[in-house]
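I opened a new notebook page for this protein. My notes follow in the order in which I looked things up.

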Amino acid sequence: MMTSKQRLTPFIKLGDILREICDASQFSSYLVDDKGIIRMVIPDKKFEDFLYDGFANIRHYARRNIIITMELLKTLGNLAEAIGPAYYDDIWQFAVYISKGFEEEYLFVQDKKYFLHILCDLAVSTKKEEQYEQIAKQMKE
């Protein structure tokens, strides 16, 4: 039987890959090795494109699964803390995209409580508390 940590490993790995892209390239189209030799040419993409490419399919298939959706938000929170303010807007906008794509009729009271707690943590990490309050208010209505 697979443990919860093993099930979440892909999220952790995707977050780590995005963090490494930020650290290594600052979105330069060229990734070089220690000797300065070009090892990879990355298509000219913005960070928001990498977020979408990495997580959009998961978000789509998790739109009725609050546990997976919350893990996506936690991964975004960890990513925000690891890479810093330059990408806060992109991370927050993607979290809003995830939140709005979740089918709320599948939320129970306890689910909503934890969901909003995780989203609040992400809002604090990305300095988007005001936007969080608007989303939380809508969800509580």
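This is a predicted model: local features need pLDDT of at least 70, side-chain atom pairs count only at pLDDT 80 or more; totals for chains, interfaces and linings use all residues.

I began with Ile-42, which is buried, at a relative accessible area of 10%. I use buried for under 20% relative accessible area, exposed for over 50% and partly exposed for anything in between, with a 1.4 Å probe and protein chains only. Ile-42 sits in the loop between β2 (38-41) and α2.

Residues are numbered from 1 along each chain as its sequence is written, and side-chain values use heavy atoms, leaving out hydrogens and water.

**Overall layout.** I counted 6 helices and 2 strands. Both are DSSP runs numbered from the N terminus: helices are H or I with at least four residues, strands are E with at least two. Along the sequence I read α-β-β-α-α-α-α-α. Of the 141 residues, 39% are buried.

**The core.** I looked up the largest nonpolar core and found 36 residues. Such a core is a set of buried Ala, Val, Leu, Ile, Met, Phe, Trp, Tyr and Cys residues joined through side-chain atoms within 4.5 Å. Leu-51, Leu-73, Leu-76, Ile-91 and Trp-92 have the most contacts inside this core. Two or more residues each come from α1 (4-25), α2 (47-61), α3 (66-83), α4 (88-101), α5 (109-125) and α6 (129-140). The biggest share is from α3, with 8 residues.

Which residues does Ile-91 touch, leaving aside neighbours within four places in sequence? I listed Phe-47, Leu-51, Leu-76, Leu-79, Ala-80, Ile-83, Leu-122 and Thr-126. Contact here means heavy atoms within 4.5 Å.

**α3 against α4.** The axes of these two helices come within 10 Å and cross at roughly 175 degrees. That makes α3 roughly antiparallel to α4, a label for angles over 145 degrees. Axes are lines fitted to C-alpha atoms, for helices over the stretch in contact, and angles run from 0 to 180 degrees between N-to-C directions. On the α3 side I noted Leu-72, Leu-76 and Ile-83 among the residues that meet α4, where the partners include Ile-91, Phe-94 and Ile-98. By class, this contact has 11 nonpolar, 2 polar and no charged residues. Nonpolar covers Ala, Val, Leu, Ile, Met, Phe, Trp, Tyr, Cys and Pro; charged covers Asp, Glu, Lys and Arg; the others, Gly among them, are polar.

**Rings.** I found 5 aromatic pairs. Rings of Phe, Tyr and Trp (its six-membered ring) pair if their centres lie within 6.5 Å; planes under 30 degrees apart are stacked, over 60 edge-to-face and the rest tilted. Phe-55 and Phe-94 make a tilted pair, 6.4 Å centre to centre with 45 degrees between the planes. Phe-55 is in α2 and Phe-94 in α4, so this pair ties together parts 39 residues apart in sequence. Phe-94 is buried at 6% relative accessible area, while Tyr-97 is partly exposed at 30%. Tyr-52, Phe-55, Phe-94 and Tyr-97 form one aromatic cluster.

**Last entry.** Is Lys-127 buried or exposed? Lys-127 is exposed, at 59%. I placed Lys-127 in the loop between α5 and α6. Its phi is near 60 degrees, a positive value in a residue other than glycine.

Conventions:
Angles under 35 degrees count as roughly parallel, over 145 as roughly antiparallel, 65 to 115 as roughly perpendicular and the rest as oblique.
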